[in-house]
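Please read them with the structure open beside you.

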Amino acid sequence: MKAHYFLVALTLALVCNTAAQAQLSQKTYSWEYSVGFPMGDFGDFIDATSFRGVAFSYQNPVNDHVSFGFEIGWNVFYQDMGEVSYTEGSATITGDQFRYVNSYPLLLQGQYHFKPEEDFDFYAGLGIGVIDHVQAVDLGLYRIIDEGWQFALRPEAGILFRVNPGTSFRFAAKYYGSFADGDLPSRSFLTLNAGLVFMQF
Amino acid sequence: MLSGCYPGGAEYVDQLDLVYTNYSPGFDFGSVQTYALPDEVVFIDSDSRPTDPEEYLREPFKSGILDGLEAQMNARGYTKVDINADPDLILFPTASRTVNVDIWYGGGYWDWWYGWGGGWYYPGYYPTYVSSYETGSVFVQLAFNNPNLDPNEDLPVHWIGVMNGLLQGTDTQVNNRIKSSIDQMFAQSEYLRR
């Protein structure tokens with residue numbers, strides 16, 4: 001009986017060790033669902049939570065704790081402003097207005113994993129790159145579109161929960177700090193993400 | 001440019017209605033008392049030209065526009081008089097169903113009624129250009145009937161109101177939208193009163 005316990009313990013240890021090594025040595029890719037919250041100037045423009053978001057990332061480990069990779073994403077923000085009037089000079093225009101921003105982050109990123117050998121692995125990351133914001137304002141039968149490619153910094157904190165040696169759940173909070181350019185004010189937003197991370201064996 | 005996703009948006013046709021007004025800041029709307037309103041609303045179709053024979057808007061839209069304008073002008077303290085009674089102000093309502101329309105800078109559509117040879121101009125402001133497709137528009141121009149105006153001079157238009165929307169729905173539905181848009185033209189033009 002003791003021999004059986006020993007074999008079970010040894011097997012578990014090997015599995016866990018293999019998983020830990022996989023965590024440290026394997027490339028990963030992930031798909032995440034993303035809920036977005038406009039912040040700052042963006043929050044003044046659209047004050048509504050976005051439930052339309054997705055992100056894909058790919059990470060390549062460089063040592064036991066650090067990985068580098070990239071992220072691409074798509075977040076859709078929308079708000080029905082109802083009937084509004086705008087006056088400029090002597091002109092006034094009134095109509096139902098609908099506001100949209102489609103944001104496409106394209107970032108290089110690094111992550112530091114605090115407990116890569118454990119089933120619950122906390123990590124922090126920083127992304128740098130650009131976000132393409134396509135902003136549309138519908139008024140009556142007319143749509144006014146502005147687009148801005150904005151420099152972006154994106155700090156991130158999250159946790160990976162390993163469900164098997166090749167798969168983990170990811171829960172993360174990300175702040176997409178997006179800097180104003182000539183065409184658009186800052187379009188920064190916060191996201192809460194949930195998704196799956198797959199090891200590439 | 002990435003095209004993007006555009007969820008939500010207008011669910012009802014009246015959510016696509018737009019009301020635009022503009023006016024001449026230098027004109028004192030409180031200094032005048034009477035106005036004239038025609039018995040018809042000129043109708044411009046997509047290929048109409050100012051030199052074409054006049055077309056008029058059919059009922060119930062004609063009465064919807066004229067009654068709405070009269071009610072609003074009376075509520076603002078102005079008195080309706082006949083065009084031959086030397087009114088201070090003249091309202092020119094025009095409706096269109098066009099692909100592109102540019103009725104500004106010319107009074108030719110109204111020569112038959114007012115009988116002057118010039119165009120019109122907009123002192124101190126510029127009306128917007130209206131481009132539309134499969135839509136209807138109602139234009140209201142409020143001109144000052146300067147008694148010293150030479151028949152060949154341009155007529156000063158001191159206020160304009162434009163309603164633009166999709167031509168969809170029953171006559172009653174469209175007429176109700178026209179009426180509420182005329183009300184909105186005046187609601188956003190508080191300066192337009194005696």
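**Notes on the predicted model**

1. A network of salt bridges links Glu32(A), Glu71(A), Arg154(A), Glu156(A), Arg170(A) and Lys174(A). A salt bridge here is a side-chain nitrogen of Lys or Arg within 4 Å of a carboxyl oxygen of Asp or Glu. Over all chains, this rule gives 15 salt bridges.

2. Before going further, note that this is a predicted model, in which local features need pLDDT of at least 70 and side-chain atom pairs count only at pLDDT 80 or more, while totals for chains, interfaces and linings use all residues; side-chain values use heavy atoms, with hydrogens and water left out. Residues are numbered from 1 along each chain as its sequence is written, and chains are lettered from A and ligands numbered from 1 in the order in which they are written.

3. Glu156(A) sits in strand β6 (residues 142-164) of chain A and Lys174(A) in strand β7 (residues 167-178) of chain A, so the pair links distant parts of the chain, 18 residues apart. Helices (H or I, at least four residues) and strands (E, at least two) are DSSP runs, numbered from the N terminus. Glu156(A) is buried, at 5% relative accessibility, and Lys174(A) is buried at 1%. Buried means under 20% relative accessible area, exposed over 50%, and partly exposed in between (1.4 Å probe, protein chains only).

4. In chain B, Glu70(B) forms a salt bridge with Lys80(B), the closest N and O atoms lying 3.2 Å apart. Because Glu70(B) is in helix α1 of chain B and Lys80(B) in strand β4 of chain B, the pair ties together parts that are ten residues apart in sequence. Glu70(B) is partly exposed at 26% relative accessibility, and Lys80(B) is partly exposed at 35%.

5. Glu190(B) forms a salt bridge with Arg76(B), with 3.7 Å between the closest N and O atoms. Glu190(B) lies in the segment after α3 of chain B and Arg76(B) in the loop between α1 and β4 of chain B, so this pair ties together parts 114 residues apart in sequence. Glu190(B) is partly exposed, with a relative accessible area of 47%, whereas Arg76(B) is buried at 8%.

6. The second largest pocket holds about 360 Å³ of space. Of the 22 residues that line this pocket, the closest to its centre are Phe43(B), Leu57(B), Phe61(B), Leu167(B) and Val174(B). A pocket is an open set of points on a 1 Å grid over the protein atoms alone where a 1.4 Å probe fits, with protein on both sides within 12 Å along at least five of seven lines; lining residues have an atom within 4 Å of a point. The volume is the space filled by probe spheres set on the points, which are joined across faces, edges and corners. α3(B) gives the most to the lining, with four residues.

7. How do chain B and chain A meet? The contact (heavy atoms within 4.5 Å) takes 30 residues from chain B and 28 residues from chain A. The two chains bury about 2,300 Å² between them, 60% of it on carbon and sulfur atoms. Buried area is the accessible area (1.4 Å probe) that two parts lose on being put together, summed over both.
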